[in-house]
Amino acid sequence: MPGMTDRIDGTIRAYQDLVLGSRSLLRLAHYELMVAWGAVLPGAMGLAFRQLTWRGSLFGRLGRGTLWERNIRLWHPRKMWIGDRVAVDEGCQLDARGCAPGEFRIGDGALISRGCILSGKDGSLSIGPRANIGAGCVMYAFTRIEIGADVMLAANCYVGGGGYVVRGRTDVPMSAQPRTRLGVVIEDDCWLGAGVTVIDGVRVGRGSVIGAGAVVTRDVPPYSIMAGVPARCIGSRSTEPQPG
């Protein structure tokens with residue numbers, strides 16, 4: 001039946017575009033074996049399979065000693081550069097669709113905890129060495145997201161996302177209007193508590209602490225302690241000597 005065949009072909013092509021960015025049937029077969037099947041293997045057998053086989057041509061670069069738990073989704077993995085000794089826990093989704101090759105990076109020794117979504121939706125996404133990304137964190141890079149070295153994000157943090165126009169035209173849906181896309185930078189050695197939201201366009205300065213549940217809407221100076229909705233400075237981590 002030509003009509004049904006065309007629909008099946010169209011569905012397969014759409015799937016290839018989503019997960020691979022390539023119409024090669026050979027690459028699709030390789031992906032299905034390595035990821036769609038290999039990602040669900042449980043226990044020690046699954047860990048060994050992924051560690052041994054995913055180091056081939058699946059990624060742009062994959063370092064040594066990386067640990068992949070089960071039920072991980074990888075979209076456009078050939079654009080990803082993954083460092084040494086990275087650990088990715090169960091149920092994570094890594095999406096490099098909007099990245100150029102090498103723009104989706106996870107640095108050496110980083111930990112991506114269970115159920116995280118890391119999406120280079122329309123731009124680059126970089127996580128620095130030894131970063132610890134807590135369970136259920138979500139990152140959407142509309143322009144770029146840069147997470148520095150030794151950054152700690154507690155569970156359920158949200159980083160990025162483009163800002164919608166909320167003032168002005170009401171005859172056009174907000175989703176159809178141009179959005180501000182500036183990117184997010186979280187510098188080295190920051191600690192974000194559980195449920196923190198960092199809005200697009202924000203830079204969090206080195207060594208800062210953001211209290212649980214805060215919504216960060218503007219730049220944070222280095223070594224600041226922030227809390228609240230919207231977040232405001234409630235202290236400093238500075239170790240400069242005090243007078244007297």
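Reader: R61: buried, partly exposed or exposed?

Author: R61 is partly exposed, because its relative accessibility is 38%. Buried means under 20% relative accessible area, exposed over 50%, and partly exposed in between (1.4 Å probe, protein chains only). This is a predicted model: local features need pLDDT of at least 70, side-chain atom pairs count only at pLDDT 80 or more, and totals for chains, interfaces and linings use all residues. Residues are numbered from 1 along each chain as its sequence is written, and side-chain values use heavy atoms, leaving out hydrogens and water.

Reader: Where does R61 lie?

Author: In strand β1, residues 61–62. Strands (E, at least two residues) and helices (H or I, at least four) are DSSP runs, numbered from the N terminus.

Reader: How many helices and strands are there?

Author: The protein has three helices and 23 strands. Of its 244 residues, 39% count as buried.

Reader: Backbone next. What is phi of H76?

Author: Near 60°, a positive value in a residue other than glycine. Most residues other than glycine have a negative phi. H76 is in the loop between β3 (73–75) and β4 (80–82). H76 is buried, at 6% relative accessible area.

Reader: What about phi of R130?

Author: Phi of R130 is near 65°, again positive in a residue other than glycine. R130 sits in the loop between β10 (124–127) and β11 (132–133). R130 counts as partly exposed, because its relative accessibility is 48%.

Reader: Which residues does the cis peptide bond join?

Author: V229 and P230, with omega about -10°. Most peptide bonds are trans. P230 is in the loop between β22 (224–227) and β23 (232–236).

Reader: Last one. Where is V216?

Author: V216 is in strand β21, residues 215–216. V216 counts as buried, at 1% relative accessibility. The C-alpha atoms of V216 and G228 are separated by 8.5 Å, and these residues are twelve apart along the chain.
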